[in-house]
Amino acid sequence: MGTVSRRKFIAATGATTALSLSGALPEVFARTATTIDCLSETKRTERVLVVLQLSGGNDSLNTLIPYGDDAYYQNRFSLAIGRDQVLGLGDYCGLHPQLRPLMSSIENGRTTFVQGVGYPNPNRSHFESLDLWHTAHQMEFKPLRGWLGTAADQLPQNGFAPVLQIGSEPVPVSLMGQRVIPATLVDPRNFRRSIEQIEATAELRLADASAPRASKLLTRLQQTNETADALSARLRAAAKAAPRSTTWPTTGLAQKFKHVADLIAADLPTRIYHLNMNGFDTHSNQEPAHGTLLAEWSGAVAAFLSDLEEQGQADRVLMLTFSEFGRRLRENASRGTDHGAAGVVQLSGPEFLKPLTGTYPSLGDLDEGDLKHSVDYRSVYASILKHWMDLDPNEILGGRYEPLPLFRSIG
Amino acid sequence: MMNVRREPEWFDLWDPQDAWQPWEPSKTDRWDFAKTAHLHRRAGFASSWNVVQEDAKRPHVEVIQGLLADEDSEDAARIREADQNTGQILAAAGDSRRLAAWWLLRMVHSPEPALERLTLFWHGHFATSAEKVPETNLMWRQYLSLRRLARGPFRDLVQEIARDPAMLIYLDARDSRKAKPNENFAREVMELFCLGTGNYTEKDIRELARAFTGGGIRNGKFHDNRYQFDQGEKAFLDYRGPANRSQAIDAIVNHSACARFIVWKLLRYYVADEIPREHALVTHLATVYQDNNLTTSVLLKQIWSSRLFFAEACRGARVQSPVEMGVGLLRTLGISFPMEALADELRELGQLPLFPPSVKGWDGGAPWIDVRTAILRSNLAYRIVREGRLDSQLQLPSWGRNDWAVIVGELIQLICAQPVPAELQNSLKQVAEQTKDDDQRRLAAVIGSLATLPEFLVC
């Protein structure tokens, strides 16, 4: 009995997309199939942004190390990285040795570090500072809206899941928009409902779309349910991407990046990906823990870039790494570092103007012991929004910020 | 305060004076099954049909009073004793994941579900994660402290937590010396435990940190090292003086922002996810809290008895947390399910007790549900009923009569805070009727399908 009425339902919607897909998807998904993009043969051309958040406040002073400055060695008595170990990028600063996997990308002009990124009146609370980075200082909306979610609201709607987080954390504020429903998943390969195994539930799946709900909350939750079903169907249809040869590290972060690479290879219409890595709140015994984190980070990013190159997608994907703040210049009594202010931002993917963008903040001119910012993070955002995403940054950032010159061939 | 732009919510329509008045039943607004189920869902972790039915026949004031006190029976005393022993054994065994599973089990069968729920609130408020505290017995002792002091004056909780070894380890605050005060704990006392952002300055934090110097841990217990204590004058908030740990905490708890902050967090937990921090409903109740020495049981009694709490629009105005959903389903249907498996599932859903994601605890509210957790929740609901062990007689009046239209109706009444549209109830009935084999499979198909609907996700 179910089969007949399902067919009727599909016919009634007049959705040819659904009919053409009926071979690729189980009939159960006929409803959701109407809302998904066509599985076309041509490769996508829209640019993609992958954002990585280093949660806890990454110690930028031990990431991009000012090894040419004695003040660094005077203040980091136990934590300083020796001059001979730093991977020099010029005479003044260079990378932590655990960032070596990024060196080839830097040499190819496809990675840049932006120095001294922060904002006025630095907030040293993890949560508040993250909110500022996520919302671009626009805290007057409730619920909060993020710069990426607001950007996604303005992108051409060419499919579902325009923003997607890989990971089990709650969706970050940065991805919240007014219209867009951010998606999140851990592993695309097992993203489905158990009850789909039961034939009998098909009727329900078809019916629920049309039922009106009494409250805003219920309506929003229902939309999330529908997006989940659409994404689940699409991911399984796309599961058969061609295998590639990049060797991925076995770390958690590398696995997340691998999922992103797989979804890009599968031509998912997602424009913005968000990943998170924890552990950077290094108040005590910072080494060797921080070095291990940097190794995980650089190893995953290097594998991701190499995979994209193999896919021929290197020019289409930009990745950005940020953290809510840097850490204090002077190390504390527990061989750790406390919350600071300005930090570094890393960008990889397309060709950049310079391996180092901006100027290193002075170690002699501090704000309550912390580095002062020389680049407002919203100038980095403005550049990405304007030059990479072709959007108007002023509206999204709620103010005018001069886009930072970053990219070689665009902008 | 910044001018916040947000759309009006149902609670904005309430005058605070009126909202917190005790609700009184009337001929048109009776104390009934739906209200009783709402109280059990919000104050505790929901209850079975029979319990709700029984309580709907008692005066509501008595039911609320019962939720705030220990049950006085021999059975209850035996369960408490057994729970205490089992917890102690698991704590000594040193496995916090299993201890978390044990706590979930206690939430399911405790004679005082409201106390466990309140303890979970304080655990999320004074969040400490076993991820960073390898000594399970310290997590256990923190749990016992939170539970023992949960209903009493807030001041006692903060004084205890400021000497709690697990907390001090979690916040790297166990060896703060006067030459180098550790700011981390002082920051969280102001930002997350007592006042909330905007009510203190960075300088206040540095001054407060000096009052906490000298505190450490010796042999698993709090230890004050007076040689490392900074005896000098401190100036934070409106306090000026040589404050030690105790005096500093008293000064902070006495600050007027403290009552507002805690009331706000309790209202988010018990009434509405979206209530803003500076709302008139919050400030009004904060006065009551202050007048009662910040005694939490007094505040909860007023909240749970109020007109606002029993308003129609309050039902379903919160998104269920993963623990509320998992524990609630086991309690309402009387299902036994392996607790370690439940703990693993809840961790995936973002809420494993004893393992909060950060010192901020669990944010809660609408962000609980994204496309990933929407799917995982329906899968968990299905799994619980499919793989769990049902009581021989499910506590539903029409269970076993094979009339699935009625069974579906009763399930929704019991489980869902909001009615499910009629056409979907009909679909659920068809799901049951088209599912082969036995009643447990049919029930699993119904609950698994119900869990794909938004009505299942709210409470």
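Analyst: A word on domains to begin with: their bounds come from an automatic or database domain assignment. For chain B that assignment gives domain 1, made of 153-272 + 274-312, and domain 2, made of 322-457. Please keep in mind throughout that this is a predicted model.

User: Okay, and what separates the centres of domain 1 and domain 2 of chain B?

Analyst: Taken over C-alpha atoms, the centres of domain 1 of chain B and domain 2 of chain B are separated by 37 Å.

User: How many residues of those two domains are in contact, then?

Analyst: In chain B, 5 residues of domain 1 are in contact with 4 residues of domain 2. On the side of domain 1 of chain B that touches domain 2 of chain B, there are 2 nonpolar and 3 charged residues, with no polar ones.

User: Let's zoom out. How many helices and strands does chain B have?

Analyst: Chain B comes to 23 helices and 6 strands. Its radius of gyration is 23 Å, close to the 23 Å that the globule rule gives for 459 residues, so chain B is as compact as a globular protein of that length. Along its principal axes, the C-alpha trace of chain B spans about 75 × 50 × 45 Å, and buried residues make up 53% of the 459 residues in the chain.

User: Which residues of helix α4 in chain B are buried?

Analyst: Helix α4 of chain B covers residues 60-67, and its buried residues are His60(B), Val63(B), Ile64(B) and Leu67(B). They lie on the same side of α4(B), because they cover an arc of only 95° around the axis.

User: Which way do β1 and β6 of chain A run relative to β8, parallel or antiparallel?

Analyst: Strand β1 of chain A (residues 48-54) is joined to β8(A) by 6 bridges, and the two run parallel; in this pairing Val50(A) stands opposite Tyr273(A). Strand β6 of chain A (residues 163-166) is joined to β8(A) by 3 bridges and is also parallel to it, with Gln165(A) standing opposite His274(A).

User: What holds paired strands together in general?

Analyst: Strands of a sheet pair through backbone hydrogen bonds, and the pairing can be either parallel or antiparallel.

User: Where are the antiparallel strands in chain A?

Analyst: One place is an open sheet of 3 strands in chain A, with the order β2-β4-β3 and antiparallel pairing. Because β2 (64-65) and β3 (87-88) of chain A stand at the edges with a single partner strand each, one side of each is left without a neighbour in the sheet. Between β2(A) and β4 of chain A (residues 94-95) there are 2 bridges, and Ile65(A) has Gly94(A) as its bridge partner in β4(A).

User: Last topic: how many residues of chain A are in contact with chain B?

Analyst: Contacts link 49 residues of chain A with 51 residues of chain B. On chain A's side, α6 (126-135), β7 (183-185), α8 (202-207) and α9 (216-237) each supply at least two residues, and α9(A) gives the most, with 11 residues. By class, that side of chain A divides into 23 nonpolar, 15 polar and 11 charged residues.

How values were computed:
Residues are numbered from 1 along each chain as its sequence is written. Chains are lettered from A and ligands numbered from 1 in the order in which they are written. This is a predicted model: local features need pLDDT of at least 70, side-chain atom pairs count only at pLDDT 80 or more; totals for chains, interfaces and linings use all residues. Two residues are in contact if their C-beta atoms, placed from the backbone, lie within 7 Å. Helices (H or I, at least four residues) and strands (E, at least two) are DSSP runs, numbered from the N terminus. Ala, Val, Leu, Ile, Met, Phe, Trp, Tyr, Cys and Pro count as nonpolar, Asp, Glu, Lys and Arg as charged, and the others, Gly among them, as polar. A residue is buried if 20 or more other C-beta atoms lie within 10 Å of its own, exposed if 12 or fewer, and partly exposed in between; C-beta atoms are placed from the backbone. The arc is that of the directions from the helix axis to the C-beta atoms. Two strands pair if DSSP finds at least two bridges between them. The radius of gyration is taken over C-alpha atoms; the globule rule is 2.2 Å times the number of residues to the power 0.38.
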